[in-house]
Amino acid sequence: MPAWLALCCVVLLLVSGQSLEGRIVVVDAGHGGIDSGANRPGAIEKEINLAIALQVRDNLKGYGAKVILTRDSDVELSDLCDNEKVRGRYRRDLNARLEMVEESDADLFVSIHANASTNPRRRGIECYYAASSEAGKRLALAIQEQLRSVAPVSQVAKSADYFVLRRNKVPAALVEVGFITNAEELALLQTPEYQRALAVAVASGIDRFCKESSSGLPLPGPEDSPRPGRFGQ
């Protein structure tokens, strides 16, 4: 049995407990519509983000969570922004995503993106949180740790001044699922199997964060249990 399938099977066994019952999670597929995000020939970030976000939603529902997608198709969200004081299409798009968090009374927010770099050898998954949010940091750490079982990850979760993190009122994490500027990683990101494994890991990290938050137990750091990626080094 392929390693990624084994991981999915393990998680499917765990989700039967409905451990996120009553939790509301906003899953944000980054970019959309005229905002394509990063791109390379034959690959557009907004499409990769959406494909993974849809599967994160399905996995979270298996845990019993109520999931709200900021988008479930190739659209931008600027027209959904209710605050007339916010100017500019891009800022209105981002603000609309945060309004969904407030209007839904969500417990968590997770945004899915794909990375890009001028260095074609750079690769790996990166999770980010707002420096001012301790809960956001623990959420990002939990997701990053679960993603280590899927992909070769040398990075650790780190703070970043992204709008959707800085201005969020709930624990929030932004997940860069890999570099589309790295040929090997791009090839993986375009396969349904790898997208599925990433989504399983993100949902598992969210579940772990909620369990640890409820129990009051500390999350282990990445140095406590390093594991090789299931899709190679």
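Contact here means heavy atoms within 4.5 Å. This is a predicted model, in which local features need pLDDT of at least 70 and side-chain atom pairs count only at pLDDT 80 or more, while totals for chains, interfaces and linings use all residues. Residues are numbered from 1 along each chain as its sequence is written, and side-chain values use heavy atoms, with hydrogens and water left out.

**View 1. Leu60 and the nonpolar cores.**
Leaving aside neighbours within four places in sequence, Leu60 is in contact with Leu20, Val25, Val27, Ala65, Val67, Ala203 and Ile206. The largest nonpolar core has 48 residues, and Leu60, Ile143, Leu147, Val175, Leu198 and Ile206 touch the most other members. Helix α7 (residues 192-215) gives this core its largest share, ten residues. A second, separate core has 16 residues, including Ile24, Leu94, Val164 and Leu165. A nonpolar core is a set of buried Ala, Val, Leu, Ile, Met, Phe, Trp, Tyr and Cys residues joined through side-chain atoms within 4.5 Å. Buried means under 20% relative accessible area, exposed over 50%, and partly exposed in between (1.4 Å probe, protein chains only).

**View 2. The six-stranded sheet.**
The strand order in this open sheet is β4-β1-β5-β8-β6-β7, with mixed pairing. At the edges lie β4 (66-69) and β7 (158-159), each pairing on one side only. Helices (H or I, at least four residues) and strands (E, at least two) are DSSP runs, numbered from the N terminus. Two strands pair if DSSP finds at least two bridges between them. Four bridges join β1 (residues 24-29) to β4 in the parallel sense. Val25 stands opposite Val67 in β4. Helix α3 (residues 89-104) lies across β1, β4 and β5 (108-115), at about 170 degrees to β1. Axes are lines fitted to C-alpha atoms, for helices over the stretch in contact, and angles run from 0 to 180 degrees between N-to-C directions.

**View 3. Strand β8 and its two partners.**
Eight of the eight residues in β8 (residues 172-179) are buried. With β5, the pairing is parallel over six bridges. Here Asn115 stands opposite Phe179 in β8. With β6, the pairing is antiparallel over three bridges. Cys127 stands opposite Val175 in β8.

**View 4. Glu126 in strand β6.**
Glu126 is found in β6 (residues 126-129). Its relative accessible area is 1%, so Glu126 is buried. The side chains of Glu126 and Arg122 form a polar contact of 2.9 Å. A polar contact is a pair of N or O atoms within 3.5 Å; within protein, one must be able to donate a hydrogen and the other to accept it, and residues adjacent in sequence count only if both atoms are side-chain atoms. Beyond neighbours within four places in sequence, Glu126 contacts residues including Asn115, Gln144, Lys158 and Phe179.

Thr70 sits in the loop between β4 and α3. Thr70 is buried, at 4% relative accessibility. Its side chain makes a polar contact of 2.6 Å with the side chain of Asp28. The Thr70 side chain also reaches the backbone nitrogen of Ala29 at 3.5 Å. Not counting residues up to four places away in sequence, Thr70 touches Leu77, Arg97 and Met100, among others.

**View 5. Ile34 in the loop between β1 and β2.**
Ile34 lies in the loop between β1 and β2 (39-40). Ile34 is exposed, with a relative accessible area of 64%. Leaving aside neighbours within four places in sequence, Ile34 is in contact with Glu76 and Arg89. Ile34 and Lys46 are twelve residues apart in sequence and 9.7 Å apart in space, C-alpha to C-alpha.
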